[in-house]
Amino acid sequence: MPTSTIKDQTKYDHIDSIVSLSEKKNSPSKSETDCQCPVVKAENFSFYYGSKAGVKDISMEIYPCSVTAIIGPSGCGKSTFLRSINRINDLIPNTSSKGKLLVNSHNVYDKNTNLVNLRQQVGMVFQKPNPFPKSIFDNIAYGPKLQGIKSRSKLQQIVEESLKAAALWEEVKNDLKKSALALSGGQQQRLCIARALATKPNTLLMDEPCSALDPIATGKIEDLIGKLQADYTIVIVTHNMQQAARISERTAFFCLGELIEYDSTANIFRNPGKKQTEDYVTGRFG
Amino acid sequence: MENTITNRETEPVADPSGLSLVLTPLEDLTGFLLHHLGRLLLLLITSSSVIAVFLIFFFVIRESMPFLKEHDMVEFLTSKQWYPEADTPKFGALSMIVGSAYVTVASLIFAVPVGILAAVFLSDIVSFRIRELVKPVIEILAAIPSVAYGFFAVLVLAPWLQNKFGFTTGTNALNASIVLSIMALPTIISVAEDSISTVGRELREASYGLGATRFETIFKVVLPTAHSGIIAAVILGMMRAIGETMVVWMASGNAAQIPTPWWDLSQSVRTMTASIAGEMGETVKGSDHYYSLFATGVLLLVLIFALNIISEYFLVSAKKKLGKI
């Protein structure tokens, strides 16, 4: 379904400036990648905290090398869904799931899932920048070291590559030994992105990565997401609808634990199929 | 008091209606007095514990002054000869200092690994329900009177050590260390558990999110982040062990000697605390012996005070590191 709507986009005569901007930014990556099999696929997936459902009966497909935004009011299950993909929700006691959640066509809620491999393939960036109280170098090298990489030169190379990919290298290349906590909030968040990239994932989950940042730092992170989508599948949860419109290719609208609508970002914001979505994106609700 | 709306310092403003909103102290004398007396009373009550500490320091140091003036401090700290009641009395406290150090260090060798692992277990591994069950039990350990531990040391542990390992005496440094380590455990566990818990879910999630196992998360992220608080926990446990009197008096055998060879914990020792408690009743007030015991007390106070400052430093830097200050 998303492929057809993307072609239709040119037909629109009145174009919201924000969305048009995101289309221009997103279109090249689309033509580059002809892989259309979904990286993440939910099939009637539900997740429960105790007996309370966090998300109910979600079915959606997330495509590679693109940005997928998840929007919705607070407590609607968007973070729950995102955190189910790398099973970081397992840390909360008394949770259970139903249905299937496939990553690279493997159901991650299978009993024999290798969580270490899963989390190395599916990196995560959290709401609040959470660098370890270690040096910048050690923060980035943490993941690769867990993978068993010991060679100093190899680690140095990974740290440099990751910091460059996260657009932080120029700012910190002389202070790699300094504590990561001495960086500003925006730099810390880019460090966390670099740290997630260092394990060489193919998917990045971002849980409101800009909600604790000022507008300038937010702009930098958004630019970075724009660049990263050429190589990574990015799923981003956001409260900020303009942000979803600016950076994403597809948008899913969640409400009360259910997936209301999932379509191309252009359609969700200009031509939503459901009344609930329209009310939310136009600000009448939520 | 309730009528005092504005600052008392401001001059009463002549109000055209004749109703002033400002009270002078004289106009509301009872309110004024109650306010200040109340504050004074509360200040006295809250500072009583601080005053008590200063009074303890003052009296212990005052009572030790005659000894500190007349005797050689170097001899006091380095000689093993402790014959306070002899014709030519000798006051060398080294064996007591070493005894205190022995039982403290040996008890920490047992208590620190067990305490830290128990803290990790409670904070990161068991479910919330079990933690809520186990924590009060550990805290009860701290509430058991030390003389009860002493009974355990003398009646259970001493015969067992003697029979099992063939020691010449069951009341020895090892016995005292084992009991002290049990007594230091609640302090170490609860302080270490607090600091491990303050590490927070964010850092743990970051570590798991990068593909770390629970073991790796605990030993590479949680414990290094909490290390200041853990050091403080160890020092607090150490203070508990150094200051403990009743148990070491009952369990250590009370021989003022340094074991030979030095590592032999199966020999009896005597600690500074046990020496003070045991000999105080037998001395004549105002004798050299009496004053020398106070000098030992000063030494203990200085040690504990120094350890307290160090642990406070680590606790504050633990909080700073996590941005809690």
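What is the strand order of the open sheet of four strands in chain A, and with what pairing? The order is β2-β1-β4-β5, and the pairing is antiparallel. This report on chains A and B describes a predicted model.

## Four-stranded sheet of chain A

The sheet of four strands is open, and its edge strands are β2 (52-62) and β5 (106-107) of chain A, each of which pairs on one side only. Strand β1 (residues 40-49) of chain A is joined to β2(A) by seven bridges, with the two strands running antiparallel. β1(A) also pairs with β4(A), again in the antiparallel sense, over eight bridges. Strand β4 (residues 95-103) of chain A is in turn joined to β5(A) by two bridges, and these strands run antiparallel.

A:Phe47 can be followed across the sheet. Its bridge partner in β2(A) is A:Val55, and its bridge partner in β4(A) is A:Ser97. Further along the strand order, A:Leu102 stands opposite A:Asn107 in β5(A). The hairpin of β1(A) and β2(A) has two residues between the strands, and in this hairpin A:Gly50 takes a positive phi near 65 degrees. Strands of a sheet pair through backbone hydrogen bonds, either parallel or antiparallel.

## Six-stranded sheet of chain A

Chain A also has an open sheet of six strands, in the order β6-β7-β8-β3-β9-β10, and here the pairing is mixed. Its edge strands, each pairing on one side only, are β6 (122-125) and β10 (258-264) of chain A. From one strand to the next, the twist averages 15 degrees.

Helix α8 (residues 185-197) of chain A packs on this sheet and touches β6 and β7 (203-207) of chain A. The direction of α8 makes about 170 degrees with that of β6(A). Elsewhere in the sheet, strand β9 (residues 250-255) of chain A is joined to β10(A) by six bridges, and the two run antiparallel. Within this pair, A:Ala252 has A:Tyr262 of β10(A) as its bridge partner.

The domain assignment divides chain B into domain 1 (1-70) and domain 2 (82-321). The C-alpha centres of the two domains of chain B lie 41 Å apart. Contact between them involves eight residues of domain 1 and eight residues of domain 2.

Helix α1 (residues 29-70) of chain B has 42 residues. From its first C-alpha to its last it reaches 57 Å, close to the 62 Å expected at 1.5 Å a residue. α1(B) bends by about 45 degrees at B:Ser48. Is α1(B) largely buried or largely in the open? Of its 42 residues the number buried is two, so α1(B) lies largely in the open.

## Helix α5 of chain B

Helix α5 (residues 146-165) of chain B has a kink of about 35 degrees at B:Leu157, shortly before the proline B:Pro159. B:Leu157 is also one of the buried residues of α5(B).

Which helices do the buried residues of α5(B) pack against? They pack against α6 (173-197) and α10 (246-251) of chain B. Just after α5(B), B:Gly166 takes a positive phi of about 70 degrees.

Technical notes. Residues numbered from 1 in each chain as written. Chains lettered and ligands numbered in written order. Predicted model: local features only at pLDDT ≥ 70, side-chain atom pairs only at ≥ 80, totals over all residues. Pairing = 2+ DSSP bridges. Axes fitted to C-alpha atoms, helices over the stretch in contact; angles between N-to-C directions. Contact = placed C-beta atoms within 7 Å. Bend = angle between axes of the 7 residues up to and from the residue. Buried ≥ 20, exposed ≤ 12 C-beta atoms within 10 Å, placed from the backbone. Expected span 1.5 Å × (residues − 1). Domains from an automatic or database assignment.
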